[in-house]
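Visitor: I'd like to learn how to read a model like this one, feature by feature. Could you walk me through it?

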Amino acid sequence: MQVKTNDAERQLWKDWIWEQYTSGNYGNGFRPCAYMTPAEIPGKYSEYDTPHLIMTYTALLSLAILRDDFSKLDRPGILKFLRACQQDDGSFSALPSGAESDLRAVYCAFVVSSMLDDWSGIDIDRAVEYIKKCSSHEGGYGQTPFGEALGGTTYCALASLHLAPSTPSSPRESRVTPSERSRTVRWLVQNQTASGGFRGRTNKDADACYCFWCGASLGILGASDLVDSEALASFLAQCQHKFGGIAKAIGERSDPYHTYLSLAALALIPPSADASWQLPQLDALWNAKDKTVRWVRDHVPDRSDGTPQEH
């Protein structure tokens with residue numbers, strides 16, 4: 001049975017997300033929730049509850065899934081917020097007032113810029129150099145420079161390198177050299193275990209979420225044909241829980257995170273022998289359905305100058 005939400009429910013969710021949209025000295029963005037700002041100054045933040053970069057990415061994508069018209073979005077304010085989050089080394093912190101900075105925040109900043117179709121809020125060259133410094137000898141990318149290669153941050157690195165437009169000193173086509181691509185593809189393919197699932201780190205057990213992180217990375221590199229899609233689907237099918245959802249591993253309890261990423265992996269790399277796993281087409285760079293990406297392209301960028309939209 002397919003369960004659908006109704007208009008009233010979707011409006012409630014949109015209203016709640018917009019309640020987390022706030023402005024201040026660092027520009028505009030979304031917080032995880034309203035937890036510190038006094039009620040007498042709604043929509044404004046203090047130094048202690050600034051917008052959060054990852055939550056801003058999450059909120060914008062959630063609003064697109066809910067088909068919001070983005071009429072409340074202050075686009076210059078978002079760009080100012082991105083500038084405030086970029087660090088001297090090219091990375092991005094989750095908070096403009098200071099926080100951990102790594103490839104996860106870089107990816108979110110790049111997707112937000114792609115959604116806005118405006119890259120003026122970030123220094124692309126510095127960010128690209130930071131991403132390259134996170135490349136590991138194993139072939140993947142660590143969360144930070146000199147870190148162990150991880151499936152999730154490898155995805156963040158590759159998606160970011162492919163999302164950002166070319167610059168005079170950083171053409172998109174030269175950001176991953178043929179030898180670097182081969183090394184990364186080799187590491188990713190080796191991460192598919194005998195169980196059919198992917199592991200996120202060398203010599204670890206398979207985990208359902210890495211079926212997306214590693215599988216999507218191979219797709220970005222044009223090597224998804226190297227995935228054993230039948231074995232992948234078999235592993236994820238065995239990770240299903242008897243009460244619904246998909247767990248991180250066989251025999252574990254399911255959760256929304258692993259359920260979604262498992263379905264996202266199957267949307268990108270469907271098994272040819274099992275039509276029951278046929279899912280809507282997914283954009284690997286945004287990790288969103290193609291229909292949602294088109295909605296963003298039509299509603300989020302500022303088209304007031306008459307610039308035609310691109311799909």
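Visitor: Is Gln-192 buried or exposed?
Guide: A word on the source before that. This is a predicted model, where local features need pLDDT of at least 70 and side-chain atom pairs count only at pLDDT 80 or more, while totals for chains, interfaces and linings use all residues. Residues are numbered from 1 along each chain as its sequence is written, and side-chain values use heavy atoms, with hydrogens and water left out. Now the general idea: buried means under 20% relative accessible area, exposed means over 50%, and partly exposed is in between (1.4 Å probe, protein chains only). Gln-192 has a relative accessible area of 17%, so it is buried.

Visitor: Where does Gln-192 sit?
Guide: In the loop between α7 and α8. Helices here are DSSP runs (H or I, at least four residues), as strands are (E, at least two), numbered from the N terminus.

Visitor: Which backbone atoms lie by the polar atoms of the Gln-192 side chain?
Guide: Think polar contacts here: a pair of N or O atoms within 3.5 Å; within protein, one must be able to donate a hydrogen and the other to accept it, and residues adjacent in sequence count only if both atoms are side-chain atoms. For Gln-192, a polar side-chain atom lies 2.9 Å from the backbone oxygen of Gly-196, and one lies 3.1 Å from the backbone nitrogen of Asp-228.

Visitor: And which residues is Gln-192 in contact with, leaving aside neighbours within four places in sequence?
Guide: Contact means heavy atoms within 4.5 Å. On that rule Gln-192 is in contact with Gly-197, Phe-198, Val-227, Asp-228, Ala-231 and Leu-232.

Visitor: On to charges. How many salt bridges does the structure hold?
Guide: Side chains of opposite charge can pair when their charged atoms come close. The cut-off is a side-chain nitrogen of Lys or Arg within 4 Å of a carboxyl oxygen of Asp or Glu. By that rule the structure holds seven.

Visitor: Which residues are linked in a network of salt bridges?
Guide: Glu-100, Asp-102 and Arg-104. The closest N and O atoms of Glu-100 and Arg-104 are 3.2 Å apart, and Asp-102 meets Arg-104 at 2.8 Å, N to O. Check the accessibility too: Glu-100 is exposed at 55%, Arg-104 is partly exposed at 31%, and Asp-102 is buried at 3%.

Visitor: Where does Glu-100 lie, and what does it touch beyond four places in sequence?
Guide: Glu-100 lies in the loop between α3 (75–85) and α4. Its list of touching residues is Phe-92, Ser-93 and Ala-94, not counting residues up to four places away in sequence.

Visitor: Why does the pair of Asp-207 and Lys-248 tie together parts that are apart in sequence?
Guide: Their closest N and O atoms are 3.8 Å apart, in a salt bridge. Asp-207 is in the loop between α7 (178–190) and α8 (208–220) and Lys-248 is in the loop between α9 (229–238) and α10 (256–268), so the pair ties together parts 41 residues apart in sequence. Asp-207 counts as buried at 10%, and Lys-248 as partly exposed at 38%.

Visitor: Let's zoom out. Which domains does the assignment give?
Guide: Domain bounds come from an automatic or database domain assignment. Here that gives domain 1 (1–176) and domain 2 (183–289). Their C-alpha centres lie 24 Å apart, and the contact takes 24 residues from domain 1 and 20 residues from domain 2.

Visitor: What area is buried between domain 1 and domain 2?
Guide: Buried area is the accessible area (1.4 Å probe) that two parts lose on being put together, summed over both. For these domains the value is about 1,800 Å², with carbon and sulfur atoms giving 64%.

Visitor: Which polar and charged pairs cross that interface?
Guide: The rule finds one salt bridge across it, and the count of residue pairs in polar contact is ten (both at pLDDT 80 or more). On the domain 1 side, the elements giving two or more residues are α2 (53–65), α4 (103–116) and α6 (151–163). The largest share, eight residues, comes from α6.

Visitor: One more residue: is Thr-292 buried or exposed?
Guide: Buried, at 4% relative accessibility. Thr-292 lies in helix α11 (residues 290–299) and touches Leu-61, Ala-64, Ile-65 and Arg-67, not counting residues up to four places away in sequence.
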